[in-house]
Protein chains: 2
Amino acid sequence: MEQEYESQLLENAVTELSRLPGVGRKTALRLALYLLRRDLGESLALGNAIIDLRRNIKYCRSCHNISEQDVCPICSDESRDRSTVCVVETVRDVLSVERTASFRGLYHVLGGVISPIDGIGPGSLEIDSLVQRVAADDTVQEVIFALSPTMEGDTTAYYIFRKLSELDRPMPAVTRLARGVAVGNELEYTDELTLGRSIVDRQPFTSI
Amino acid sequence: MEQEYESQLLENAVTELSRLPGVGRKTALRLALYLLRRDLGESLALGNAIIDLRRNIKYCRSCHNISEQDVCPICSDESRDRSTVCVVETVRDVLSVERTASFRGLYHVLGGVISPIDGIGPGSLEIDSLVQRVAADDTVQEVIFALSPTMEGDTTAYYIFRKLSELDRPMPAVTRLARGVAVGNELEYTDELTLGRSIVDRQPFTSI
């Protein structure tokens with residue numbers, strides 16, 4: 001009985017909105033009614049921003065970060081250190097590392113980590129392209145693994161490490177992110193594994 | 001430094017998404033990157049659904065419910081009971097009452113309730129149109145207030161009641177939703193005000 005009166009346009013918008021992660025039908029309805037109440041221009045801006053985003057964003061030919069050109073602004077910035085490649089899982093991780101302002105090298109976005117349970121093997125990730133990139137470019141002196149400190153992240157790093165060591169060129173330095181207690185966190189609330197690791201990996205004390 | 005490399009298209013989508021209620025910039029970024037990962041068709045469908053919704057939905061000339069025609073399907077359904085008008089705050093309330101399948105009359109959507117603190121006076125609501133509708137249509141025999149059981153809801157009901165009583169036609173019956181303990185709720189968790197009200201408004205016991 002309910003369906004009979006419902007607007008097809010509203011129904012359609014609710015269905016599409018409820019496909020977003022974390023958005024159920026109730027939230028989708030709330031969002032749709034909000035879009036109806038808002039200024040026409042603002043709601044159209046949202047719709048168009050989504051369409052433009054999906055239509056016009058490409059992936060960088062070199063590092064697979066999102067980009068509006070064939071080569072992303074980071075890869076084409078001559079002032080960045082081209083000898084260091086930071087390997088990350090996702091586009092979001094690029095943004096996170098950039099935000100630290102602690103890294104001036106280039107990136108390589110894998111698109112995930114090896115996870116047999118989820119059916120993700122090396123072939124579905126940008127691993128071959130990373131290995132080829134290092135093989136073809138002697139300027140790469142260091143590969144940093146900035147992957148999640150999980151079984152999957154470690155497996156992926158190890159897999160890439162082996163591939164790199166088989167290359168017919170001098171092996172670049174291979175490093176990974178430091179693991180230890182989080183800055184500003186209380187020791188009491190740090191889990192045992194992390195705390196244990198931070199003792200094993202202890203660093204010389206400096207006055208900084 | 002971060003801004004320099006960020007895609008304008010992504011930035012734009014994140015900004016527009018973060019204007020939605022309950023969506024911060026972090027969630028907006030997560031949604032935008034999700035839209036990028038999804039099939040082109042699905043993401044375009046969302047963008048187009050939002051644009052179509054906002055461009056093509058109208059409000060019913062009679063009850064101000066959302067509609068794709070000048071008069072909504074409920075108002076134009078000859079099988080509905082035209083003698084009863086249920087006054088609600090929002091389009092969402094229409095959907096809620098319809099879902100109960102307990103009401104076969106017509107609606108009138110006010111667009112909110114009188115709330116001086118939020119700067120909402122009678123003039124910004126569809127109150128005049130309701131009064132005119134009742135004045136012009138002798139078939140209306142009952143007006144049901146299905147407004148929130150709050151100070152603002154009560155004030156709005158009282159304001160409309162007074163306006164209706166000044167009309168040059170026989171006063172329609174005016175009712176409001178029953179207030180009391182929620183069906184299926186334990187008494188222990190019902191607030192005092194509601195419980196007290198449910199005692200004052202107690203009903204003859206029947207075997208149903």
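Good morning. I begin with B:Cys72, which counts as buried at 0% relative accessibility; buried means under 20% relative accessible area, with a 1.4 Å probe and protein chains only. The sulfur of B:Cys72 lies 3.7 Å from the closest cysteine sulfur, that of B:Cys63, which is too far for a bond. A disulfide is defined as a pair of cysteine sulfur atoms within 2.5 Å, and over all chains the structure holds zero of them. In chain A, A:Cys60 is likewise in no disulfide, with the nearest cysteine sulfur, in A:Cys63, 3.8 Å away. A:Cys60 also counts as buried, at 1% relative accessibility.

A word on the basis of these values. This is a predicted model, in which local features need pLDDT of at least 70 and side-chain atom pairs count only at pLDDT 80 or more, while totals for chains, interfaces and linings use all residues. Side-chain values use heavy atoms, leaving out hydrogens and water; residues are numbered from 1 along each chain, and chains are lettered from A in the order written.

I turn to the sheet of chain B. Four strands, in the order E4-E3-E5-E6, form an open sheet with parallel pairing. Strands are DSSP runs of E, at least two residues long, and helices are runs of H or I of at least four; two strands pair if DSSP finds at least two bridges between them. Strands E4 (105–109) and E6 (173–176) of chain B stand at the edges, each with a single partner, so one side of each has no neighbour in the sheet.

Within this sheet, E3 (residues 81–88) and E5 (residues 142–145) of chain B pair over four bridges. B:Thr84 has B:Glu142 as its bridge partner in E5(B). Thank you.

Note on methods:
Buried means under 20% relative accessible area, exposed over 50%, partly exposed in between (1.4 Å probe, protein chains only).
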